[in-house]
Amino acid sequence: MKKPDPHPPKLGQKLLSFLTHYESEYSISGDCGEEYKERVRAHGKSRALVWYWGQVAYALAASCRLSLSIGASMFKNYLKITWRHIKKNKAYSFINIMGLAIGIACCILIFLWIEDELSFDRFHENADRIYRVAFSTSDDGSPTNANGSFGVGPALKRDFPEVMETVRLRKMGQNVKRYVGYKENKFYESRFFFAEPTLFTVFDFPLVKGVPATALKEPNSLVLTEETAKKYFGNEDPIGKVMEADPYNDGELMLFQITGVAKDIPHNSHFHFDFLASYSSLKEDTDSFNGFYQHFTYVLLNNSAAAGSLNDRLLDFLHRNWMEDPWYTLSLHPLVDIHLHSRLKSEIEPTGSILYVYLFTAIALFVLVIACINFTNLTTARAAKRAREVGIRKVAGARKNQLVRQFLGESLWLSLVSALAAVLLIHIFLPPFNSLTGKEFSLSSLMNPLFILGMAVIVMSVGFLSGMYPAFFLSSFRPVNTLKSRFSHSSSGTLLRKGLVIFQFSLSIGIIFATLVAHKQMTHIQSRNLGYDREQIMVIPLNKDLRQNYESVRNELLKHSGIENTTTSALVPTKGSYHLSLRFEGSEENIAQVFYFIDKEFVDTYGLKLLAGRNIRQSRSKDGALELLLSELSIKEAGYSSPQEAVGKSFNLEGDPGTITGVVNDIKIYSFHRPQYPINYLVTPIDMHNYLSVRAHPQNISETIGYLQKTWKEMVPNYPLDYFFLDASFEKMHAADQKMSHIFSVFSILAVFVACLGLFGLAAYTAQQKTKEIGVRKILGASPSSIYFLLSREFLKWVILANIIAWPLAYYAMHQWLQNFAFRTNPSVWTFIFSGLIALGIALLTISYQAIKAAASNPVEALRYE
Amino acid sequence: MKELTTLEQMILAAIIALKKEAYGVSIRKRVKKMTGKRLMYGTLYNALDQLLRKGYVTKTKGATSSGRGGRPRIYYALTPEGKSALKTSYDLHRAIWESIPEFLGN
């Protein structure tokens, strides 16, 4: 049987055919193919292939060289002309280059930020197959909680073959700090986790020391990160050392032996641990399906497609393993979506938001587009200046497409120069950008092929986008017209220019509007009454020793005039909540509400207002009934019409009866993204409490802290003092929003600045165009103010039109953003007017320089101009 | 008139030698046989392109033969201008060398 003819590689053939001027007129791919076959027979396939590719590569190179050599002399001329233009019109060139450079720099910086946001959790090799079990308490089954109950993980693995592995992660409370000590190094730590040994197989957290398979196997094992190891052990080897910790904060110190040191966690992980204790050290019943804890379950599936079908079977799973009528449901969420798409409660760390990714992409593109428009506008506006050149070139035989190429080449050159300037700008502004975003970018992170490719794409598209119209516009001039007389600008050009300026300003106004709304929302959050005195409350975690002699410590503290009151409680605002269900008198239904376990000084220390009844003094009254303090919102949920009506009513708390003694105002315990919760207060013994809150007098706060430290050293010598201020803790919950709002304002200022650069250029051009007109007018007695008005009138018309276009769009966008907050302001009429006025004001200011210069000029000079 | 480059001379000579059978593959082989030089197809076609533009060669499309991926052979032939240009460069070379017989003699 005859062997089939050997065929040369398809790609090679394509490439050769791509050189159309070879292909249409010659037959290079045919020739190469023919000889390739001979060579396969003579020398074998591999040598023939080498030969073939050699021919292809050379032909490509030769073809490029050919077209270059033809174009080289012209190219040199273009370059020279471009350079002369830049030098001759320094101001315009500066505006163009500066604007484009800012635009490109913004794009690149934001590109960096977005790339980082998108990279979250992707460093795990199995990232695509890891899912987190989300819990839902909502009626429609849409997920509500990132955290959940203990027992789900192992049962999932048992029931479903698709689930290859599960990891359970337990943290003690939300944002809480717990005592950890080794010899004299004692700290309160917030990133203390318990984890199953499978953590190291499912996730990629490499160990520097220790064996991943066994490090978390035995009870009371502990893995530290490198940084933490350094903090406690310095240069000592921590392996085998024993640390003490009080993760439950019940005063019973647990001892942990260190079995491993993990590499520090990359910043783009959705959670970071400093300590990982073995899951088997937990004291809770880890098979239970009941209750929500700061407990997270991850599953590794055998293929990522399995998640969909698994989701449908999770309700059955709960029926099978738990109860007929489960009060929560489950669903699986991709690990890589957590950072940008999770809107769940009780995330381990605050997440980002995809909305911001969109928002920033938009603003980066806006700045770039505005800069491109500047270029287009200034070039077409000043077309008259180059009309003669076009005329001469055409007379000398230049074809239209050559001219198009020349002008496109020019804009590409400018765009390239701007890109270089942009790199310089980035170099200068990277540190402030880092502090603005809280990330750590460096110039070296820009030196990757993807970025260089992106940069090339930006340069090309900016060059084409901004040069396209001017190129065709300029090259279509008729040489006779341009050479015969002074060339006046065409009306079609002006129309487009007007349209573009209006568009530019619409963008700017939209951005200003968005900034104003964001700022308003942020102030709204900060100034909003939380229901308690957040200003001067210091919070200190309790420990065993302090609980034992709290009364004497309290008395000692109160001796100082700067300390007004102290209280202990299980939780403080911003640090989580307990949910219990209770039944009010006159209702059949159990409703879940937030409970605060406090002592009798809480209401006074936090400055809560008693609306009805009396404060609680004790856990139970003499008849054994629980004493309960309600908040306004909880009486609404209970169905009472007024605080007065609620007082004296009875209730049943999971089987324990009691009476309502009083009603206080609502307080805010979470961020403004979350709704207000109804909160009930019960007095409980100090053993159940985790925090000591101290209300200090605003004056001499540092002296008060000094006193506190001194007292602490004397009375609680075994534990370090750790404290935070409630207002700082509250602000931390909105740090991400603040940061976004800051980034947003910076970039919006840039956008407006670039738009103004363009306007400045256009105004200068208009003034120059009208030099003669202004001269004549002045001679005929026009006042400077009328000249000023003449020049600015047109621009103002544009800006006003831009306002009308921008308002509805900006309003819609910001409305979407505000939906993120449970407590939000609404943009008032003034926000609209204000954003318009700002744009108008900036535009006026920009034009004024040129207008005043023109109005004040000597008419004689202007008329002698000819 | 611009003189022919050595490459062009080689190609033109090869086309003449090949008579009616001058197309890409055969030209390249002929050049190798004549001078020992291996041309790249890219070089060959760039040169042919120039010659064509100067009007020294013409081309005709041959039949589509098998084994060329459906590409026809393109056959080349010299035009009278091509012939005279080649003749001119021969004359030039001869003149150069004949002026220094002692160089060749040694």
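1. Helix α28 of chain A bends by about 40° at A:Ser792. The bend is the angle between axes fitted to the seven residues ending at a residue and the seven starting there. Helices (H or I, at least four residues) and strands (E, at least two) are DSSP runs, numbered from the N terminus.

2. This is a predicted model, in which local features need pLDDT of at least 70, side-chain atom pairs count only at pLDDT 80 or more, and totals for chains, interfaces and linings use all residues. Residues are numbered from 1 along each chain as its sequence is written, and chains are lettered from A and ligands numbered from 1 in the order in which they are written.

3. The buried residues of α28(A) include A:Ser792, A:Leu791, A:Phe795, A:Trp798 and A:Trp807. Buried means that 20 or more other C-beta atoms, placed from the backbone, lie within 10 Å of the residue's own.

4. Chain A is divided into domain 1 (1-75), domain 2 (149-327), domain 3 (354-526 + 735-864) and domain 4 (537-732), with bounds from an automatic or database domain assignment. Between domains 2 and 4 of chain A, 12 residues of domain 2 are in contact with 11 of domain 4; contact means C-beta atoms, placed from the backbone, within 7 Å. Strand β4 (residues 185-189) of chain A gives the most to the domain 2 side, with three residues.

5. In chain B, 16 residues are in contact with 21 residues of chain A. On the chain B side, α3(B) gives the most, with six residues.

How values were computed: Contact = placed C-beta atoms within 7 Å. Buried ≥ 20, exposed ≤ 12 C-beta atoms within 10 Å, placed from the backbone.
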